[in-house]
Amino acid sequence: MRNYLDFEAPIKELNEQIQKLKDSAVKTGVNVENAVQELEKALIAKTEDLYKNMDPWQRVQLSRHPDRPYALEYIEAMTEGTWIELHGDRTVKDDKAMIGGFGLLNGESVMFIGQQKGANTKMRQYRNFGMANPEGYRKALRLMRLAEKFNKPIVTLIDTPGAFPGLEAEERGQGEAIARNLFEMMRLKVPVICIIIGEGASGGALGIGIGDRVLMMENTWYSVISPESCSSILWRSWDYKVTAASALKLTAEDMKWNGLIDGIIREPLGGAHANHEQAISILKDVIQSTIADLRKNSNDELVKQRIEKFCAMGKYVEA
Amino acid sequence: MSWFKRMKKGITTQNQEKKEIPEGLWYQCPECKHVMTSDQHAENDWLCEKCDYHEKITSLNYFSILFDENQFSEVAAHLISGDPLEFTDTKAYKDRIKTTINKSGLKDALRVGFGNIEGEKAVVACMDFGFIGGSMGSVVGEKFARGVDKAIEENCPFICISKSGGARMMEAGFSLMQMAKTSAKLTQLADHQLPYVSFLTDPTTGGVTASFAMLGDINIAEPKALIGFAGPRVVKETIGKDLPEGFQSSEFVLEHGFLDYIVNRKELKQKLALSLKQMKAKS
Ligand SMILES: [Zn+2]
């Protein structure tokens, strides 16, 4: 069963009509092929139309769509059975909200790291809703250093509502863990590609987000705070999340326009959740071509350009 | 001594608001309620003479404590905030900036000074909580960057005094990327083998903690400062119970291994100078 967001209602309706026709054809033996084709055409037109006029708050909702593929699904599918998950930060424990390990991408070994969300209530808790503790960021850094040692490219898949704001997270230095990653990722002497595949919330996202190419999938968001929290802090009410989503300029298009990311990855018609297979194949192609592109530079050049890129970010007035 | 007059005026306003003591000639410690004159308080480095309570002070106050003879030149003093996203919440960001500049006499939430500390050159960047809660936007990031450049140019240490609520939401993505930018600049400083001391004061939270404030070659703090990533209210909501006594205080953060030492403001200059001397690379 597919899940539908409120604004996906027209898509739901058409999908249900198509299913009903097909079911009745099975029962009655009547040929419905033409009618189904008409409806499918209408479905494509409706979906295109809907997705053309998506507002920022709708993009935020899509980034959290329950049917959206999560990091593990992308990684396992792209590496076709060659992914081996590596666990633990070697200090405290294994953080289930942060995953990592090598996998082969058409024969080439790549270090994949990502935040992982769960698909049902039990798994959501197991994955802590994709909110990593300090040990998650430290595991990520350990694995990135491992990749660097053997000159393997690094791909991070970002999908988090934020770093976990818990008591133990504070005790174990959440701030230091993220800060350390920012500093060390700047200097990794291998190609680093960071891709927002869902939610890119604040320091928790940036903690695995320093790369030579930072890319956002079409229906994702990336900003310093979620629209809900922004609404509650700046408007002192939870009712301004739609306004806040617009004000924060958090969509892929806005982030690209402001020069804060390097590119946008198009999603299948109707979003990644509507066609996992195609979303995976698009992502794989992008990662492969981006690695090939980055490999044209020496690793020292990559580090220098990476640092210069982030140093140039910011807009101010020389009064 | 113009900075001194300004500081006295600041305290006047504070006391007038409380309407407890007339004319602002007095300072009352919020911790132990001890009363002293504002002049005595300032001469005591803005500490309570009875309980040592460290009052929140400005960048100019810190510079007067640290720089020899209070002599320093400012770096990138002219930078002010743009409005990159044309952000409006209950008020337009542009107007908020204008009002804050006029009210506070500050240009933004970071001031960078270059001078001598016990005879040795140093760049000191210091946050001002009075400017939108010491929040980090593009100007803070760029001034930090130019401070690091100045330290590299002068071949001297870089010190940053943090006092911040975290990111400046009205600059959204730009604000977030200042965490990356300041960290990137610190890799350049490290490449030149120049010391970076992060000095954390009350309060240091959010994106500042999760970037440059925790990246010192040594991290030091004032006593009893609030230091954390998530604010205490958020942590309390997450765990659904009251926080333990002293949670996220300097002493707590030291105990958990993220600070090198805590220093009383009265000993700050001497101890900092000694640390810098100890770290100075052998040429
Ligand atoms: Zn006192």
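Q: How many Å separate the centres of domain 1 of chain A and domain 2 of chain A?
A: The centres, taken over C-alpha atoms, are 35 Å apart. Bear in mind that this is a predicted model, where local features need pLDDT of at least 70, side-chain atom pairs count only at pLDDT 80 or more, and totals for chains, interfaces and linings use all residues. Residues are numbered from 1 along each chain as its sequence is written, chains are lettered from A and ligands numbered from 1 in the order in which they are written, and side-chain values use heavy atoms, with hydrogens and water left out.

Q: And where do the domains of chain A run?
A: Domain 1 of chain A covers 6-53 and domain 2 covers 60-311; such bounds come from an automatic or database domain assignment.

Q: How many residues of each are in the contact?
A: Domain 1 of chain A puts in 6 residues and domain 2 of chain A puts in 8, where contact means heavy atoms within 4.5 Å.

Q: What area is buried there?
A: About 540 Å² between domain 1 and domain 2 of chain A, with carbon and sulfur atoms giving 69%. Buried area is the accessible area (1.4 Å probe) that two parts lose on being put together, summed over both.

Q: Chain B now. What are its domains?
A: Domain 1 of chain B is 1-55 and domain 2 is 56-279. Their centres, over C-alpha atoms, are separated by 23 Å.

Q: What's in contact between domain 1 and domain 2 of chain B?
A: 11 residues of domain 1 of chain B touch 13 residues of domain 2 of chain B. The two bury about 1,100 Å², 50% of it from carbon and sulfur atoms.

Q: What about chain A against chain B, how much do they bury?
A: About 4,400 Å² between them, 74% on carbon and sulfur atoms. The contact takes 48 residues from chain A and 55 from chain B.

Q: Which residues in chain A lose the most area to chain B?
A: Glu170(A), Leu234(A) and Tyr316(A), together 14% of what that side buries.

Q: Let's do helices. At what angle do helix 14 of chain A and helix 6 of chain B pack?
A: Helix 14 (residues 299-311) of chain A and helix 6 (residues 172-191) of chain B pack at about 130 degrees, with their axes 8 Å apart. Axes are lines fitted to C-alpha atoms, for helices over the stretch in contact, and angles run from 0 to 180 degrees between N-to-C directions. Helices (H or I, at least four residues) and strands (E, at least two) are DSSP runs, numbered from the N terminus.

Q: Why call that pair oblique?
A: Helix 14 of chain A and helix 6 of chain B are oblique because of that angle: under 35 degrees counts as roughly parallel, over 145 as roughly antiparallel, 65 to 115 as roughly perpendicular and the rest as oblique.

Q: Which residues of helix 14 of chain A make the contact?
A: Ile307(A), Phe310(A) and Cys311(A), and their partners in helix 6 of chain B include Met177(B), Ala180(B) and Ala184(B).
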